[in-house]
Amino acid sequence: VALYEGNYENVEALAKKTPTYTVDTEANANAFTIPGDKLTKLSMGMVPAYTVKISTDNPKVSGEKLESVGNIIITSAPANVKIERPASYYVLDTADSITVNWESTNVNDTPGGCEFEFEVTKNGAAVITSQDTSGSYTLDFEDVTGKL
């Protein structure tokens, strides 16, 4: 079993390529697991990130090898964004500010793989915009004394 980074359609395309991982399996093996730490590159859409080549001796022709390739598409788990719940849903007019914390997990950070935006608006206009996938923002309140 040989693992190659990239998308190759046939054995001939791998002729001058160097595998990133190789292993010999037991005779007559019908299954093999490639360790997860060897599969670290994410696919771009449905384009395979890896090609695996399986080779074995031909049982009918001495000295001949049988080879085949397969492709592996690696996707990330769905992204999650968590906005920290405030201590209270109510804010008194004596409060000066409230802090909003956000954190994301399973973010695909490959080029073109992540589009994230945190935005706070006031009256339809952006107050802050951030592309940071995790962070904190303190929202300051205007003094409302005498405005009731």
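Figure 1. Along the sequence, the protein chain reads β-β-β-β-β-β-β-β-β. That amounts to nine strands and zero helices, where helices (H or I, at least four residues) and strands (E, at least two) are DSSP runs numbered from the N terminus. This is a predicted model, in which local features need pLDDT of at least 70 and side-chain atom pairs count only at pLDDT 80 or more, while totals for chains, interfaces and linings use all residues. Residues are numbered from 1 along each chain as its sequence is written, and side-chain values use heavy atoms, with hydrogens and water left out.

**Figure 2. Overall dimensions of the protein chain.** The C-alpha atoms fill a box of roughly 95 × 25 × 20 Å along the principal axes. The radius of gyration is 27 Å, whereas a compact globule of 148 residues would have one near 15 Å; the value is taken over C-alpha atoms, and the globule rule is 2.2 Å times the number of residues to the power 0.38. Of the 148 residues, 21% are buried, meaning under 20% relative accessible area with a 1.4 Å probe, protein chains only.

Figure 3. Strand 7 (residues 118-122) pairs with strand 8 (residues 125-130) in the antiparallel sense over five bridges; pairing requires at least two bridges found by DSSP. Glu 119 has Thr 129 in strand 8 as its bridge partner. Two residues lie between the strands of this hairpin, and Asn 123 in the turn has a positive phi of about 55 degrees.

Definitions and conventions
Buried means under 20% relative accessible area, exposed over 50%, partly exposed in between (1.4 Å probe, protein chains only).
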